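This report describes the sheet of a predicted model and the helices that accompany it. Please consult the sequence and coordinates shown below.

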Amino acid sequence: MTSIRDIARLSGFSVSTVSRVLNDHPYVSAEKRAHIQKIIKELDYTVNQNAVNLSIGKTKTIGIILPYANNPGFDKIIQGILITAIKHKYNLMLLPTNYSKDEEIKHLNLLKNKRVDGIIITSKANSWDVLNDYAKYGSIVTCEETPLQTISAAYTDRLSSYLEVFHYLKKRGHTNVAFTSVRSAEKSNSTKSVLAAYEQVFAPPLEKNYRTNCFTYEDGLRAGEYFLNQANPPTAIYANGDEIAAGIYHVAIEKGLRIPNDLVLIGEEYLPVGKVLDLSSMDHQLELLGQVAFELAIQQRIKKKKIPHILRCAPN
């Protein structure tokens, strides 16, 4: 089996020079690099990456825990992580959980077993206490604010963003306002925050004011039917995603409502579908959040970075 020493002997250069070429180190002349690469190709030499990882104590791989795929919000975070991982020449490992606590712990054990250098948690299933137990094994970054001093975070101030939306609607004379969310308040800090914001601006929401388990355009259709078939339908709806807002929009148009004259719709994350429909959107800048999360994952220091949100208002 060909070794790095064989390449060094045949090329006439030192093992350290060959190693620099194999690791794409910049401080090798073009002439030397071309000669060594020619020999590597002739010998059909392949680096034993496991051995390299063992020698340097790094895998150059970051795990990404996410509840599920095919979600525009998580897609934006992953896009930001991917852009930054390519820049730093890291590999990524997608680790879906479907919000299963056992699956999440299985993925966290990859950090404990040194299979990854760090883990980014886009949305957690387990408690902070459980995550804290794994922080001693390597870098953990969450995409939500955390009280733990052992875990880094790239996050948006969700409560502040929800307050901004509801204050915006109230200033424009809307008091009969509805909203949608993904999970129940018992399972989601984001839902807790939107409920708290609604109560602070208006009043404690009634059951008719909100709908949970909204993930897709089809869920938006069902939410639209639920809200707009009420005896006194809302004059404004804040949807937890532009795709959900698009579903509500479809129902509203079928009922002959004019947007935004008869019904104001505000979505989230400033997605193409919302732009096409000229919908307002609360942009949590998730791609930027993903970029920052990755940078934190490859650092040794614990840091908290808040990503600013932007309410992008459609023309009236």
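## Pairing of β1 and β3

I65 has I121, in β3, as its bridge partner. Strand β1 (residues 61–66) pairs with strand β3 (residues 118–121) in the parallel sense over four bridges; pairing requires at least two bridges found by DSSP. Strands (E, at least two residues) and helices (H or I, at least four) are DSSP runs, numbered from the N terminus.

The model is predicted: local features need pLDDT of at least 70, side-chain atom pairs count only at pLDDT 80 or more, and totals for chains, interfaces and linings use all residues. Residues are numbered from 1 along each chain as its sequence is written, and side-chain values use heavy atoms, with hydrogens and water left out.

## The sheet

The open sheet comprises six strands, ordered β2-β1-β3-β4-β5-β11, with parallel pairing. At its edges are β2 (91–96) and β11 (304–306), each of which pairs on one side only.

## Helices on the sheet

Helix α5 (residues 72–88) lies across β1, β2 and β3 and runs at about 155° to β2; angles run from 0 to 180 degrees between N-to-C directions, with axes fitted to C-alpha atoms, for helices over the stretch in contact. Helix α6 (residues 101–112) also packs on the sheet, touching β1, β2, β3 and β4 (139–142), where contact means heavy atoms within 4.5 Å. The direction of α6 makes about 150° with that of β3.

## The α8–α9 pair

The axes of α8 (residues 158–171) and α9 (residues 189–201) come within 8 Å and cross at roughly 35°. Residues in contact include Y162 and F166 of α8 and V194 and Y198 of α9.
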